[in-house]
Amino acid sequence: MLIRNIMIDKPISIAPQASVNSAVDLMREKKIGFIVVEENNKPVGVLTEGDIIGMIASRIDMKKARVAEHMISPVFSIQADANVFHAYDELVERKMRHLVVVDNNADLAGVVTMSSFIANLGVEHFADLQTVADVLHPLDVTVSRDTPVNEVIRLMQAHKHAMIVIEENKPVGILTSRGITRLCQRPQDEIDSLRMGDVMQEPVCIYRKSFVPEASFMMKQHRTRHLVAVGDHDEFMGLVTISDVAHSLEGKYVEFMRSVMRDMEHDLLTASGQNRALFERNPNSVFSLDMHGKITHVNPASILLTGHGSEYLVGRELIELFDESMVDDALLAFVSAQQGNAESTHLRMKAGDGGVIHVFMSYVPVMIEGSIQGVYAVAYDITERVIAEERLLKLSQALQQAGEPIAITDAHGVIEFANQKMHELFGYGESELLGTSLTKLEIANADDSSGYQQCVWKMVSDGVPYKGEFLHRHKDGSPLDVRVSCSPVHVPGAEHVDYYITIYEDMRMRRTAEQHALQAQKMETIGTLAGGIAHDFNNYLAAVGGSLYMLKREVAHLPETVERLNKLEQLSDRAASLVGQLLTFSRKDGLLRNLVSFSALIEETRDLARVLVPKKTDQHWQVAKHVYVDGNATQLQQILLNLLKNACDAVKDVDQPQVSISLSAVEADQVAPEHIELTAKRYAKLCVKDNGCGIGEQHREHIFDPFFTTKDIGEGTGMGLAMIYGAVQNHHGWIELESSEGKGAEFCLFFPMAEHIGEMDSQHESADQPTLLLVDDEPQVLALSAEVIESLGYHVVTADNGEDALNLFQKEPGQFALAVLDVMMPRMNGTETAMALRRIHPALPILFVTGYDQNAVSADLLAQPGIFLLHKPWKVESMEATLQDMLASKAKENQP
């Protein structure tokens, strides 16, 4: 094949006296990388993009500069009738990307480039199917978005390659020599102000394990001469150029095609010549196709590949051998070859034994005397490689999705693979650990005088596996307590370690579980001791109580003595109460458990809390409905009262004291710590939070111990939290504490929810009773109003401010038949609360109650349907009639 068959004729040229700027404009307009300088139809020089980059770096005024001053001259040229492989040898030897072609008179005839070989000869299949990783070249220099363009140009001139922008080890931008030529139309002062981020383009990326022919296809598809190679996690690996693709042709297949061409020059038109030169020698499977896609000749390798003899193959359409899902791709490639283009694609063929063969198929047009006479289909068997890659992919996915942190390093301990759990453990983003040495993740032990860590690495480098614990460092600098299992791996035949597989175990969870187990064991021991003491103490108190009774009978005639005995009896009762708390802690109280509506119980406790909690303390209650547990109501109520008392004590010296109480239902698997043995699918979560003095770290492990207290003498027995601990254990629950000194505390208690509700709703919340939301900021008025309205046959849910009322309503808006709102309230008044409620439930009947005149509520609001007004102090009869009217109006509106 001759150069004239593949050259670009009528090349773009320019006169030597033209300005460089006009040459740049032509190159930019025609999208070419060089331009031939022509004078009297003779090539006298060449101007390339590399020359332009040098001129910009030297700040040469290209409007004034002439082409003749900066062109490459003399020109190396080649005859149009030269063999294509002779031209290729010249390109490689001279390290050029293009050649000027002349005719017999030395007149300019055309140009040929590396792209010419790939576009016209279909040389992809000649390469020994190298991967991109085999031909890429890593870059010594990369830049950032903020690098000045002038600096980028200087670097490009010095290093002779495009510049890449890397962010988080991933390529995000590229600037090539063609991009530089586009800059020449801008004034120099504008170029001086530009940064890389202003001019870079998005790179076309290719996976490092892709075959070189795929890179060639992508270059043609995207019309680019540069591809950025990336790894398994899109990390930057290097740059691949059109020259790299072309140079990959060197080797046995280039030499093979040279011999083919020599034979075909002698006998190109004969079938015997084809068989001798192309088919019989080719280690790949070659199918000669006519213009209709039918097989006319096959070589021995194709018979071995397919498992069919030549008598079966010849005369059939090649597409009959492909998997049905591949037919369209094969047809597209064949049609393209019919039109003179070489195409390559990955296909699946059906073997004679019924198996599947993966092939990389190249379709090459056969040019004879200037016209296309047929197509060669050259198949390279990649079945083993595909199967190996599928296995590798499965292994990679298994490692990536493993539940343990895993890292694979090279022989020097540099991470080449780290799965998701590994990144999560050390706090790094995806792929951030790649390229990091494992030793940088370790915390050097200052007390390691014997060099233990160094000894460990010496041991594994000698091929001995290691298991042990090292302190490592999280990305944020905090220490990580991990157990390491490091296994050295030898490649068969190698004498040294090739890489390491390291598996990590986060010991923090195990340490936490161990601490909880020790704490539980300690509490169990104390409980056993307390139970024994309480049992004996109760016996003593029984004797004391009996003796006091008898003494009071004997000295009934002595009033002063009886009074003293009464005081002794009171002290005995207090001691008995204390013993009762000890029994609760030791879980030997033997209290019966029943089905309890935890929601109703807390609402009842809320009334008691009004007396317990000082008025200056801001209370927030959020109680979910229909939360039931199997428990002892008295004990559960005592738990909440004890927590409230502790919270009030904690906030007594705070300027704006706040206490929050909440009850909710949660899914067990979302909240339970690993050391907890679950006894139910859902748990009731009771939280009491304050903004008080908090609990210091030094006290946390002792707060549930009996008689432990930080209060002054006489202010506490130290049994409150101990009783709570025992009661929660009694109910098969657990306690979580969030606190730090000076920043308040939050106790969250978890109780297994009852699966059988039975008829508890009828005991607390009758289905026949309309539920009414009552809101008033005055505690006494709220309590009295609720009691009166409940006596009228309504179920009342109360809130002492608009915000809490809105939160309650949002949880179950459908349960409320109407709302009764005080007008004047702090933070969120009655009118604002009503508007918020109606945004959720537009038809909700609302009764405003006010001690002010009627103007307290706007006339526009009162004119809306379902809005009523009642003045304080209201009479029971008026309230009853108004509520009945509201429900009647609602029922009438709901009628069809």
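Start by selecting Arg 145: it is partly exposed, at 36% relative accessible area (the class between buried, under 20%, and exposed, over 50%, with a 1.4 Å probe and protein chains only). Before you go on, note that this is a predicted model, where local features need pLDDT of at least 70 and side-chain atom pairs count only at pLDDT 80 or more, while totals for chains, interfaces and linings use all residues. Residues are numbered from 1 along each chain as its sequence is written, and side-chain values use heavy atoms, with hydrogens and water left out.

Glu 167 forms a salt bridge with Arg 145, with the closest N and O atoms 2.3 Å apart (a salt bridge is a side-chain nitrogen of Lys or Arg within 4 Å of a carboxyl oxygen of Asp or Glu). Glu 167 sits in strand S8 and Arg 145 in the loop between helices H7 and H8, so the pair ties together parts 22 residues apart in sequence (helices are DSSP runs of H or I, at least four residues, and strands runs of E, at least two, numbered from the N terminus).

Next, go to helix H20 and pick Lys 421 and Glu 424, which are three residues apart, about one helical turn. Their side chains meet in a salt bridge, 3.8 Å from N to O.

Then select Lys 475 and Glu 432, another salt bridge, at 3.2 Å between the closest N and O atoms. Here the two partners are 43 residues apart, each in a loop.

Last stop: show Glu 49, Arg 178 and Arg 225 together, linked in a network of salt bridges. Across the whole structure, a search finds 16 salt bridges.
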